[in-house]
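Visitor: I'm new to this one. Can you walk me through it?

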Amino acid sequence: QALHRGNKRLQFILNRVLQLAWDCSELDLHKAEVIAEIDKQAQTMQPWMWYMVLPQLISRVHNTDMRQLFTNLIMCVLCKYPHQAFWHIVQLMKSTNKEHSKLGMNMVQEVARQDNAAHRIMCT
């Protein structure tokens, strides 16, 4: 609700929301409700808002419970801001963990399929 009233403290608020979601997921406490609420609120938010916390999304995308939600948010940002967001995704693609690397590649490939302009940017 705070983000609908203004974005002065956007990064602080989203960081806190992500930390609370992470804690709930780790403790298995209201996990489904938290993920559903973030997903619902994310539908009303602009991609630039999520760009502000993109490093946090990428660092937490490996959590199996939040993977789908965070993948969708990251891909939304990547579609809208391919030049800027791709540099963040490279760290995921270059991970020594094969699962993380594959996840990053899958995101880039999916965005490239959806958006020709993003495809040209990421493939050149």
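This is a predicted model: local features need pLDDT of at least 70, side-chain atom pairs count only at pLDDT 80 or more; totals for chains, interfaces and linings use all residues.

Visitor: How many salt bridges does the count come to?

Guide: Four. The rule asks for a side-chain nitrogen of Lys or Arg within 4 Å of a carboxyl oxygen of Asp or Glu.

Visitor: Why would such side chains pair?

Guide: Side chains of opposite charge can pair when their charged atoms come close.

Visitor: Which residues are linked in a network?

Guide: Asp28, Lys31 and Asp65. Lys31 bridges to Asp28, with the closest N and O atoms 2.8 Å apart. Lys31 also bridges to Asp65, and there the closest N and O atoms are 3.0 Å apart.

Visitor: Where do Lys31 and Asp65 lie?

Guide: Lys31 is in helix α3 (residues 31-42), while Asp65 is in the loop between α5 (54-60) and α6, so this pair ties together parts 34 residues apart in sequence. Helices here are DSSP runs of H or I, at least four residues long, numbered from the N terminus.

Visitor: Is Asp28 buried or exposed?

Guide: Exposed, at 54% relative accessibility. Asp65 is partly exposed, at 33%. The cut-offs are under 20% relative accessible area for buried, over 50% for exposed, and partly exposed in between, using a 1.4 Å probe and protein chains only.

Visitor: What does Arg113 meet in a salt bridge?

Guide: Glu110, at 2.8 Å from N to O. Both residues lie in helix α8, three residues apart, which is about one turn of the helix. Arg113 is exposed at 59%, and Glu110 is partly exposed at 28%.

Visitor: New topic. At what angle do α2 and α3 pack?

Guide: About 155°, with their axes 8 Å apart. That makes α2 roughly antiparallel to α3. Axes are lines fitted to C-alpha atoms, for helices over the stretch in contact, and angles run from 0 to 180 degrees between N-to-C directions. Under 35 degrees is roughly parallel, over 145 roughly antiparallel, 65 to 115 roughly perpendicular, and the rest oblique.

Visitor: Is the crossing of α2 and α3 left-handed or right-handed?

Guide: Left-handed. That word applies if the near helix is turned anticlockwise from the far one by less than a right angle; clockwise is right-handed.

Visitor: Which residues make the contact?

Guide: Val17, Ala21, Cys24 and Ser25 of α2, with Lys31, Val34 and Ile38 of α3. Contact means heavy atoms within 4.5 Å.

Visitor: And where does Leu20 lie?

Guide: In helix α2 (residues 10-27). Leu20 is partly exposed at 40%. The C-alpha atoms of Leu20 and Val34 are separated by 8.7 Å.

Visitor: How do α6 and α8 cross?

Guide: At roughly 45°, and the axes of α6 (residues 67-80) and α8 (residues 98-114) come within 10 Å. That makes α6 oblique to α8. Their crossing is right-handed.

Visitor: Which residues meet there?

Guide: Those in α6 include Arg67, Ile74 and Leu78, and those in α8 include Glu99, Leu103 and Glu110.

Definitions and conventions
Residues are numbered from 1 along each chain as its sequence is written. Side-chain values use heavy atoms; hydrogens and water are left out. Helices (H or I, at least four residues) and strands (E, at least two) are DSSP runs, numbered from the N terminus.
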